[in-house]
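Let's take a walk through this structure together, one element at a time.

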Protein chains: 2
Amino acid sequence: MKQYLGIDMGASSFKYGVGSSKGGLLHFGTVRIREKSLEHVKQNILDILEDVKEYPYQGVGLGTPGTIDRKTGKILGVNPNLQFFTDISPAELFPKDFPHTVLYDNDANLMALAESCLEPCRVCYGVTVGSGIGGGLIIEKNIFHGASGFASELGHTIAVLGGEQCNCGLQGCLEAYASVDGIRRQLQKAKSPFAGLDVPGMISRSKSDPLVKRVVADGETYLIRALSNVTTILNPDLIVLGGGAMDLGLYDINKIRKEVFSRISLAHRKDLKIKIARFGNRAGVMGGIILCERA
Amino acid sequence: MKQYLGIDMGASSFKYGVGSSKGGLLHFGTVRIREKSLEHVKQNILDILEDVKEYPYQGVGLGTPGTIDRKTGKILGVNPNLQFFTDISPAELFPKDFPHTVLYDNDANLMALAESCLEPCRVCYGVTVGSGIGGGLIIEKNIFHGASGFASELGHTIAVLGGEQCNCGLQGCLEAYASVDGIRRQLQKAKSPFAGLDVPGMISRSKSDPLVKRVVADGETYLIRALSNVTTILNPDLIVLGGGAMDLGLYDINKIRKEVFSRISLAHRKDLKIKIARFGNRAGVMGGIILCERA
């Protein structure tokens, strides 16, 4: 069985693993991005390659944040969490003499790809909720990229017309309300003493503090609306919710399912399942491996 | 050159024509639906077949309102404008001994298909604004149907959470605010003396009556938001706006273009064109013909 190296680049760490979709992961690891510079993340990649050198693999599949221009193969626009990572092809992170092909795609696209392979589905929409909000559309097990590579940017759909400033420069984006960073920024703006909480802290504080409760509930409501609209436009039979904040339970999957179902037509409800991502924090790595298997 | 009969079923009339995408229409006609019953529309079809009998054609492509379940081939759910037209395959409108194949699809899908063939594009989203609001997504010149046939129901995305009751049974749908019927219902609710106006009347009255002005402007704003979100999710390189109300100029295409562009990222703006449908009221007929050509 052919094996591949999957790497998932996040804002604060790389996750990686060697394996195959059928055989699972032989090895899984994490390296921290301690310094947000190109030189440092190139060193991270060397560390990963060193760590997996005993495991045979035939290629690399890399998931990265940011939008990739399919025409140039380069990251377009500045990612506020990884500002140096723009106008570059993610394959350039690897040494010049690296012997394997490096395939890459947006991290949320790869998460959706991995999850879509876990059960029968024709149209799968995957959403990651973490520092930001990402989306990925899988049609018949293939990533849908749109006309130029920028499809599925769910986090930058409009939640509130003329609303909060988003990291991306636009106003009122879903990400500015429903992502972990968005919730923190809202709490900060309202001078809440709880603006610095991590996700478990946010969840527990939302039970006692009315402001935290409201901001988290609003985030959930905007996410529910966005998912309802995605369903009405795309008629998926599977929606998968993942990412760090979903894994930790920031939003309630049962409530999301119930509320989305109440906001879509019978036709759209009929074949739809809404689930938590089963690969958890390994979905991006597995998506990278599947990307290689499909090439 | 092979020719086909294209038929576009609306709430108040059938439009039809014989021709081909390359050669255009040899013949174009309209018959009114005077009575909203299955027997009457079957007679309408007989009248159309009689009218085109001199023109050779190899098959029929029919556009219908409503959502078509791809598994059963039948219309699912009740269309408020054509209440009898449910749980039936549109091909059943034709006589049992009709010698040609009848293909059919949602009318907005066929409009989008026809328009997408007029210029180079990879991802085209077509929108019809009339009594209702329809949408169609064309990927590499193929209609995208979603998992079960209900994709692209733009009119039933949520404009206002918990908002106006829509004909479809849901609340706050875009169609309840931005369609011609939606605008009329809103004016009626506000006891406006102008609730019965036709589209040209609405446009002219919106220049002098503040309530008509506001309701039409709100409809346009919600449409702009929906188009911005469709763009961020699907990354189309072509958006085409058609339907009776757009043809008559209810909404300003230049304003829509400018406002959508201000609400999407640079990446999504880069390759996007937003245009008025060029086939006008013949787009559905031409889409039916193209559906046959592709079969």
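Strand β8 (residues 123-129) of chain A runs parallel to β11(A), and five bridges join the two. To find the pairing on screen, pick C124(A): its bridge partner in β11(A) is L238(A). Keep in mind as you look around that this is a predicted model.

Now look at what sits beside β11(A) in another pairing. Strand β12 (residues 273-276) of chain A also pairs with β11(A), in the parallel sense and over four bridges. Here V240(A) stands opposite K275(A) in β12(A). As background, strands of a sheet pair through backbone hydrogen bonds, either parallel or antiparallel.

Is β11(A) mostly covered or mostly open? Strand β11 (residues 238-242) of chain A is mostly covered, with five of its five residues buried. L238(A), V240(A) and G242(A) point one way, I239(A) and L241(A) point the other way, and all are buried.

Next, move to another sheet in chain A. This one is an open sheet of five strands in the order β3-β2-β1-β4-β7, with mixed pairing. Its edge strands are β3 and β7 (102-106) of chain A, each of which pairs on one side only. On average, neighbouring strands here are turned by 20° against each other, direction ignored. K15(A) has T30(A) as its bridge partner in β3(A).

Two helices to look for on this sheet are α1(A) and α10(A). α1(A) lies across β1, β2 and β3 of chain A and runs at about 145° to β3(A). Helix α10 (residues 283-294) of chain A lies across β1, β2, β3, β4 (60-64) and β7 of chain A, running at about 135° to β1(A).

Let's stay with α1(A) for a moment. How does the span of its 14 residues check out? At 1.5 Å a residue, the 14 residues of helix α1 (residues 38-51) of chain A should span 20 Å, and the end C-alpha atoms are 20 Å apart, which agrees. The buried residues of this helix are V41(A), N44(A), I45(A) and I48(A). Seen down the axis of α1(A), these buried residues fall within an arc of 95°, so they line one face of the helix. The general rule is handy here: an α-helix has 3.6 residues a turn, so residues three or four places apart point the same way.

And what do those buried residues touch? The buried residues of α1(A) pack against β1 (4-9), β2 (13-20) and β3 (24-32) of chain A.

Helix α2 (residues 107-116) of chain A is another one to zoom in on: 10 of its 10 residues are buried, so it is largely enclosed by the rest of the structure. Its buried residues include D107(A), N109(A), M111(A) and E115(A).

Over to chain B. You'll find an open sheet of five strands in the order β3-β2-β1-β4-β7, with mixed pairing. The edges are β3 (24-32) and β7 (102-106) of chain B, and each pairs on one side only. Inside this sheet, strand β1 (residues 4-9) of chain B runs parallel to strand β4 (residues 60-64) of chain B, with four bridges between them. L5(B) stands opposite V60(B) in β4(B). Helix α2 (residues 107-116) of chain B lies across β1, β4 and β7 of chain B, at about 95° to β7(B). Helix α10 (residues 283-294) of chain B packs on the sheet too, touching β1, β2 (13-20), β3, β4 and β7 of chain B, and its direction makes about 135° with that of β1(B).

Finally, zoom out to see both chains. A rotation of 180° with 0.0 Å of shift along its axis superposes chain B on chain A, with an RMSD of 0.0 Å. That is the relation of a two-fold axis. The same surface serves both copies, as 100% of the contact residues of chain B recur in chain A. The contact takes 36 residues from chain B and 36 residues from chain A. On the side of chain B that touches chain A, the elements giving two or more residues are α6 (210-234) and α9 (266-270) of chain B. The largest share of that side, seven residues, comes from α6(B).

Technical notes: Residues numbered from 1 in each chain as written. Chains lettered and ligands numbered in written order. Predicted model: local features only at pLDDT ≥ 70, side-chain atom pairs only at ≥ 80, totals over all residues. Least-squares fit on C-alpha atoms with pLDDT ≥ 70 in both. Contact = placed C-beta atoms within 7 Å. Expected span 1.5 Å × (residues − 1). Buried ≥ 20, exposed ≤ 12 C-beta atoms within 10 Å, placed from the backbone. Arc of directions from axis to C-beta. Pairing = 2+ DSSP bridges. Axes fitted to C-alpha atoms, helices over the stretch in contact; angles between N-to-C directions.
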